[in-house]
Amino acid sequence: MGIMLLIMMSLVSGCFGRESERESVNKVKGTIRVVYQDESAFNRDYGQLFKLKQPDINVEVVSKSELYSKFGDPDFDFETESQKLLDKYKPDVLLLDETSFKEFAQGGKLYAIDGVIKRDRYDVEGFMPGLTDRLKAMGKGTLYGLSPTIDTTVLYYNRDLFKEHNIEPPRNQMSWKEFFELAARVANAGSKDKPLYALAQEYGGADSMMYSIASSTGLRMFDAKGEQLLINSEGWKEAIQQATDAVRSKALYTRPATKDPQPIEPGKGLFFTGQAAMKLGTPWDLEHLRDKKAEKINWDVVTTPVDPATPDETGNITIREIYAIAADSDNKEAAWELVKFINGTEMAKVASRTTVGMIPTIPSRPDYFKELDGRSTGAFYTLKPKELSVFDALWGNNNVPDDYSSSFRPMLNEALQAIIDNEKSVDEAVNELQMKGQEALRVAHELQEDKRLHGKNGK
């Protein structure tokens, strides 16, 4: 038995031993199937601990490895193959991402858990504010699943650099205007011999920053029907102006464009080497900030900048794992016990002490992850998730052809670069982008309709 498992079992047994902290338990018998990475991963993460609590429930694992093995096939379609896997094994407990969860919930494929939550007095108030509201919105007002973790974007900063240059550090819930004013002060503090970047962005260019701004302001890329591009609006123009100004002033570091960009080794970017004062990052960065072998950064963390109109919300929260019960499950009670356990307070305690910095997520229950290395982790939970994630708001419209983004992206980057190079004004570049992008959208819809009528190969 591994040392980590011994630690986890001691933590859990301690939790089980205190009556006031126990989750309600219904003693249930039966066999259920759960979708997971593979059997060994499930047993390591949940299975062995669940067995301690529910010894009479046998859990069989439907391994996703069957899907992973087919990724290299040119004819592989993830959605089709996923459905085949579900049809073949008929699991009771499903592990879903936001896109599939929304589709399953609204398609009548999931069991509503509002009733059993009320019956068992299950603690849903302990989840981060707004999380269950986001999940309910995907089910059109009904709760069909729960998530034990979240992935959220925050703003990391280097305490020592701000102190060295006598600049007030960033704070929670700054507006983007305030943030870029701060970034300009930081960039101006550098010298020709020793440049200092305000913000390190290792991947993407002005487009990535534009999308970060848009995610907080609730901008939409398309109309509800997916037929109209909405880039030509004052909100988008402001986001584009701020992003391109940041690149031009060198407040924002972007990697030089090359044909074959080499990936940056994790933990080796400009922020981690002390050349940039701030970094928009995720919980994944904690692993590298805490790496004893890496260069020591005296870091801290605040929320990402926000829209002053909705200062308590962000679109930059992703729910990567949602556990739900199949509507046609023959053993919903046993399935609920597993879902309840995975998302409960006891597992949140275990996760906060054993996995933070090892996976790109943090517990969705903030009471069990309040500090790390003497630093408050409140910034990870301060902002409530908007009902729509950033992806859904910008690109998640099911009516937009799947391949449209590949044609729109180069148009967008060309427009942004023209603004950065002072070749075009924001109005000129965006007006042209709107016309080109709208025409490309029209063509994409025609091609999609042609494929629908004549088959995959258009024959």
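Predicted model: local features only at pLDDT ≥ 70, side-chain atom pairs only at ≥ 80, totals over all residues.
## Overall architecture

The protein chain contains 17 helices and 17 strands. Of its 459 residues, 48% count as buried. The accessible surface comes to about 23200 Å², and carbon and sulfur atoms account for 50% of it. Among contacts between residues at least 6 apart in sequence, 78% join residues at least 24 apart.

## A three-stranded sheet

Three strands form an open sheet in the order β12-β5-β14, with antiparallel pairing. Because β12 (317-318) and β14 (362-363) stand at the edges with a single partner strand each, one side of each is left without a neighbour in the sheet.

Strand β5 (residues 149-152) pairs with β12 over two bridges. The bridge partner of D151 in β12 is T318.

## Aromatic pairs

The structure holds 15 aromatic pairs. The ring centres of F50 and F341 are 5.5 Å apart and their planes lie at 55°, so this pair is tilted. F50 belongs to helix α2 (residues 39-53) and F341 to helix α13 (residues 332-342), 291 residues apart. Both residues, F50 and F341, are buried.

Y156 and W299 form an edge-to-face pair, with 6.1 Å from centre to centre and 70° between the planes. Since Y156 lies in strand β6 (residues 154-158) and W299 in strand β10 (residues 299-303), the pair ties together parts that are 143 residues apart in sequence. Y156 and W299 are both buried.

A further group, Y36, F42, Y46 and Y323, forms one aromatic cluster.

## Charges over rings

W299 also has the charged end of R375 over its ring, 4.3 Å from the centre. R365 lies over the face of F127, at 4.0 Å from the ring centre.

How values were computed: Residues numbered from 1 in each chain as written. Heavy atoms only, no water. Helix = DSSP H or I, 4+ residues; strand = E, 2+ residues; numbered from the N terminus. Buried < 20%, exposed > 50% of the residue type's maximum accessible area, 1.4 Å probe, protein only. Contact = heavy atoms within 4.5 Å. Areas by Shrake-Rupley, 256 points an atom, 1.4 Å probe, with all protein chains shown as cover. Pairing = 2+ DSSP bridges. Phe/Tyr/Trp six-rings, centres within 6.5 Å; stacked < 30°, edge-to-face > 60°. Lys NZ or Arg CZ within 6 Å of the ring centre and 35° of its normal.
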